[in-house]
Each structure stands twice: as structure tokens, then as C-alpha cells.
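Please examine the sequence and the structure shown below before reading the briefing.

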Amino acid sequence: MLEGVKHIILVLSGKGGVGKSTVSTQIALTLVEKGCKVGLLDVDLCGPSIPYLLQLEGKDVHQSDEGWVPVYTDEKQNLAVMSIGFLLNNRNNAVVWRGPKKTSMVKQFLTDVSWGELDYLIIDTPPGTSDEHITVMENLKNVKCDGAVIVTTPQLVSIEDVRKEITFCKKTGIPIIGLIENMSGFVCPSCTNCTNIFSKGGGETLATISNIKHLGSIPIDPRVGQLLGRACVNELPDSPSAKVFNQIVDKVIQVAV
Ligand SMILES: Nc1ncnc2c1ncn2[C@@H]1O[C@H](COP(=O)(O)OP(=O)(O)OP(=O)(O)O)[C@@H](O)[C@H]1O
């Protein structure tokens with residue numbers, strides 16, 4: 001149930017492993033730090049990593065009369081989470097979601113979760129463009145979706161796939177909020193004055209030539225992968241990564257008004 005949701009933002013990536021779930025989680029946590037009520041929906045049926053990233057593995061979800069009840073990460077209930085991962089009791093269970101079963105699961109997750117009142121719903125999607133994406137787009141037709149954030153890395157192979165993602169958004173009528181280049185340059189956690197950050201990577205160049213906004217370049221910082229449920233902007237407030245997450249979220253808030 002999306003009636004009480006003010007803003008919906010999709011997080012897409014052309015390739016797998018570019019840090020889409022990490023970025024989705026940090027966008028959600030940064031919005032919470034800025035005082036927003038946020039939902040995070042993980043429709044990556046093949047590799048749901050949000051429960052791990054938020055240290056919510058093993059949590060049970062159940063259905064009430066109003067639909068699936070999301071898991072809350074804190075007592076104030078500022079971050080509501082729903083993931084297919086909650087339905088897999090054991091990470092070692094190999095579950096193969098195919099065809100109609102797969103799309104009906106995504107549809108259920110979009111329509112039957114009782115989110116209540118939210119400022120933002122962040123939807124973490126699988127890599128590429130698949131059945132899940134089409135189902136998401138179809139089910140968002142009647143609600144206002146603010147648009148998509150595309151995550152990439154500086155490598156040319158990722159950039160090529162981003163082009164396909166941009167075309168997909170244009171064909172399905174989803175506005176592109178902007179592009180995030182993740183793992184852009186390296187920050188050594190042992191140096192206090194590390195300046196080796198931000199390659200002017202292919203992502204920024206692609207954003208320019210595709211006429212879409214470059215939202216920010218997040219450096220490779222091993223600490224970012226170890227935050228597990230904590231907001232980078234809170235835990236590492238002076239780090240280059242925190243500055244970029246703040247900048248990205250401020251730009252997203254500006255677009256989604
Ligand atoms: N900026 C970063 N610096 C260092 N490590 C990062 C950064 N962003 C992500 N990672 C790490 O990269 C790995 C992949 O990240 P993540 O699972 O978020 O990618 P994904 O694109 O969602 O993957 P999938 O294709 O499985 O959905 C993880 O180990 C994560 O900790």
C-alpha cells in the first residue's frame with residue numbers, strides 16, 4: 001500500500017556488484033538522519049542483501065489484515081524494511097524464483113506492504129533490466145514515482161550497461177534523477193590526510209554526455225562496506241564518503257519535492 005508514501009525512488013544498476021544495495025541502504029539511512037521517515041524495499045529476488053546490510057537477518061515478517069508488516073530498524077520506526085530475504089529462513093536455501101511466481105512476488109511486495117506514512121520509499125532493484133523491473137514499473141504507473149537513481153562504477157564495462165539502463169528508463173517513462181559513480185578512486189582508511197580520492201571516472205563523463213545529473217562519486221572505502229546498519233554520515237562524519245552521501249541525498253531531496 002503506497003497511498004501514504006510521499007516519494008518513491010528506484011535504485012538501478014546496469015551491472016551486479018557495483019554497490020547498489022550499499023548505496024540504497026546509505027541513502028535510506030542518510031534520509032533518516034535528516035529527519036525523514038523512510039521505507040527500504042528490496043526486490044532483488046536472486047540476491048537480497050538488505051537484511052545483511054542492516055543486520056536484520058533472520059527477522060520474521062508476517063501478514064496482518066493490512067498486508068505484509070515491514071521490519072523496523074529502530075524503536076522510533078523511522079526506517080521500515082521489506083525484503084524477500086526475510087522469507088528465506090536459511091541463507092543456504094537455494095530458492096529459484098521464475099516467471100509468474102517471481103513477478104507476482106514483486107507485485108505483492110509493491111502493493112501489499114503496510115508502509116503507513118512515509119516521506120520516502122527507496123526501492124533496491126536487481127542489476128540490469130529484467131522481469132522484476134518491468135513489474136515494478138507497471139505497478140508504479142498509478143502512483144507518483146519520482147524517478148530512478150542509477151549506480152555505476154568507473155569501468156567502461158559498467159558504463160556500457162548504464163547506457164542500456166538509461167534507455168530502459170526513457171522507454172518506460174521513469175525520470176532519471178541522476179547517476180552515482182561508486183567505488184570511484186580509493187580512500188586509504190589508515191591515512192588521516194588521504195587525498196587520493198575521486199578519479200574523474202567514466203560515470204561522471206557519461207552523465208555529462210547523456211545530459212543527466214551526476215549526483216556524486218563515492219570513493220572505494222573499505223569502511224563503507226562494514227557499516228552494517230549504521231549511517232556513514234553518522235559513523236564517519238568527516239570522511240569523503242559521508243560528504244558524498246550527504247551531497248547525493250540533498251540533491252535527491254531537491255528533485256523529489
Ligand atoms: N564505496 C565502497 N567502498 C568499498 N566497498 C564497497 C563500496 N560500495 C560497496 N562496496 C562493497 O562492494 C560489495 C558489493 O556491494 P553491494 O552488495 O552493495 O552491490 P550490489 O550492486 O547491490 O550487488 P548485487 O549485484 O548483488 O545486487 C560489498 O562487499 C560492499 O561492501
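Predicted model: local features only at pLDDT ≥ 70, side-chain atom pairs only at ≥ 80, totals over all residues.

Residues are numbered from 1 along each chain as its sequence is written.

**Overall make-up**

- The secondary structure of the protein comprises eight helices and 10 strands; helices (H or I, at least four residues) and strands (E, at least two) are DSSP runs, numbered from the N terminus.
- Of the 257 residues in the protein, 46% are buried. A residue is buried if 20 or more other C-beta atoms lie within 10 Å of its own, exposed if 12 or fewer, and partly exposed in between, with C-beta atoms placed from the backbone.
- Among the contacts with a separation of 6 or more, 76% join residues 24 or more positions apart. Two residues are in contact if their C-beta atoms, placed from the backbone, lie within 7 Å.

**The sheet**

- Strands of a sheet pair through backbone hydrogen bonds, either parallel or antiparallel.
- Here eight strands form an open sheet with mixed pairing, in the order E5-E6-E2-E7-E1-E8-E9-E10. Its edge strands are E5 (71-72) and E10 (214-217), each of which pairs on one side only. Two strands pair if DSSP finds at least two bridges between them.
- Strand E1 (residues 5-13) is mostly covered, as seven of its nine residues are buried.
- E1 runs parallel to strand E7 (residues 118-124), and six bridges join the two. Within this pairing, Ile9 stands opposite Ile122, and Val11 has Asp124 as its bridge partner.
- E1 also pairs with strand E8 (residues 147-152) in the parallel sense, over five bridges. Ser13 stands opposite Val151 in E8.

**The nonpolar core**

- In soluble globular proteins, nonpolar side chains tend to be buried together.
- The largest nonpolar core has 66 residues. Such a core is a set of buried Ala, Val, Leu, Ile, Met, Phe, Trp, Tyr and Cys residues joined through C-beta atoms within 7 Å.
- The residues with the most contacts inside this core are Ile9, Val11, Ala28, Val38, Ile122, Ile123 and Val149.
- Leaving aside neighbours within four places in sequence, Val11 is in contact with residues including Ile122, Ile123 and Val149.

**The ligand shell**

- The ligand is surrounded by 20 residues, of which Gly16, Gly19, Ser21, Thr22 and Gly225 are the closest. A residue is near a molecule or strand if its C-beta atom, placed from the backbone, lies within 6 Å of it.
- Helix H1 (residues 20-33) gives the most to this shell, with three residues.
- The shell has seven nonpolar, 10 polar and three charged residues. Ala, Val, Leu, Ile, Met, Phe, Trp, Tyr, Cys and Pro count as nonpolar, Asp, Glu, Lys and Arg as charged, and the others, Gly among them, as polar.

**Two single residues**

- Phe109 lies in helix H3 (residues 99-111). Phe109 counts as buried because 24 other C-beta atoms lie within 10 Å.
- Beyond its neighbours within four places in sequence, Phe109 is in contact with Leu41, Val43 and Met82.
- His214 belongs to strand E10. His214 counts as partly exposed because it has 19 C-beta neighbours inside 10 Å.
- Although His214 and Gly178 are 36 residues apart along the chain, their C-alpha atoms are separated by 5.6 Å.
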